Amino acid sequence: MALSSLWKKLIPALVVLLAAAGGFYYFYWMHTPQYAAGEIYQAVTKKDYQLFLERVDLEKVYSAALDDLTDEALQSDTRDHRLAAGLMRTLKKPLIDALIHETETQFRAAHSGNPTLMTPLVDTAKAYVGSAALSLTDIFDVEEKDGIATASVKLHDDELNHDFTWKVRLEKDVNGDWTATRVENLKEYLQQRKDVLQSQF
């Protein structure tokens with residue numbers, strides 16, 4: 001009788017302890033780069049632009065990407081590429097704003113509206129990266145070191161029928177949440193894409 005009474009008192013306490021442990025683990029998990037990478041994948045696959053904005057710092061991503069693009073284009077033998085690179089560098093801030101707007105229209109499956117002065121540069125940047133043909137297929141191998149995480153993002157190029165991997169850097173924002181801030185291997189990706197293009201033609 002005494003044992004039964006003891007169990008009746010212990011079971012509610014155990015339930016509370018297990019619930020607290022589960023809550024702590026879930027709270028901890030929500031603040032990991034792995035969780036953030038999962039939310040980025042979910043945002044892209046479900047076309048959830050608000051969630052995407054929470055997990056991807058588009059201004060930082062596009063700023064770093066444009067720096068890499070202009071560096072590569074300035075080394076090109078093609079005069080048009082060097083001219084475009086110069087314009088991208090000069091008009092970097094409005095171009096970033098235009099790319100963010102373009103990202104939103106793609107998520108919302110909306111029409112981008114009337115062409116603007118930035119439209120040719122946006123189209124050039126997209127063509128250079130081949131982003132129109134890219135689709136995200138997986139995010140894997142998230143590694144964290146010294147406060148910075150790197151997620152391997154697998155992309156399929158429908159036009160080339162080839163898979164590429166982007167190394168995406170994630171950093172903690174002011175709220176302590178992990179957000180993507182740049183594609184670390186964009187220059188290497190551009191060279192790989194160029195090599196695949198040349199091998200197919």
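Phe107 counts as buried, because its relative accessibility is 13%, below the 20% under which a residue is called buried. This value, like the others in this report, is computed from a predicted model. Lys47 lies over the face of the Phe107 ring, at 5.9 Å from the ring centre, and Phe107 also belongs, together with Tyr49 and Phe52, to one aromatic cluster.

## Aromatic pairs

How many aromatic pairs does a search of the whole structure find? The search gives 4 such pairs. Phe52, with a relative accessibility of 11%, is counted as buried.

Trp166 and Tyr189 form an aromatic pair of the edge-to-face kind, with 5.5 Å from centre to centre and 80 degrees between the planes. Because Trp166 sits in strand E3 (residues 162-172) and Tyr189 in helix H8 (residues 186-200), the pair ties together parts that are 23 residues apart in sequence. Are Trp166 and Tyr189 buried or exposed? Both residues are buried.

Strand E3, which carries Trp166, runs antiparallel to strand E4, and 5 bridges join the two strands. Within this pairing, Val168 has Val183 in E4 as its bridge partner. The two strands form a hairpin in which 5 residues lie between E3 and E4, and Gly176, found in the turn, has a positive phi of about 85 degrees.

Strand E4 (residues 178-183) is mostly covered, since 5 of its 6 residues are buried. In general, the side chains of a regular strand alternate between the two faces of the sheet.

The side chain of Asp97 is joined to that of Lys93 by a polar contact of 2.9 Å. Asp97 and Met118 are 21 residues apart along the chain, and their C-alpha atoms are separated by 9.4 Å.

Methods. Residues are numbered from 1 along each chain as its sequence is written. This is a predicted model: local features need pLDDT of at least 70, side-chain atom pairs count only at pLDDT 80 or more; totals for chains, interfaces and linings use all residues. Side-chain values use heavy atoms; hydrogens and water are left out. Rings of Phe, Tyr and Trp (its six-membered ring) pair if their centres lie within 6.5 Å; planes under 30 degrees apart count as stacked, over 60 as edge-to-face and the rest as tilted. Buried means under 20% relative accessible area, exposed over 50%, partly exposed in between (1.4 Å probe, protein chains only). Helices (H or I, at least four residues) and strands (E, at least two) are DSSP runs, numbered from the N terminus. A charge sits over a ring if NZ of Lys or CZ of Arg is within 6 Å of the ring centre and within 35 degrees of the ring normal. Two strands pair if DSSP finds at least two bridges between them. A polar contact is a pair of N or O atoms within 3.5 Å; within protein, one must be able to donate a hydrogen and the other to accept it, and residues adjacent in sequence count only if both atoms are side-chain atoms.
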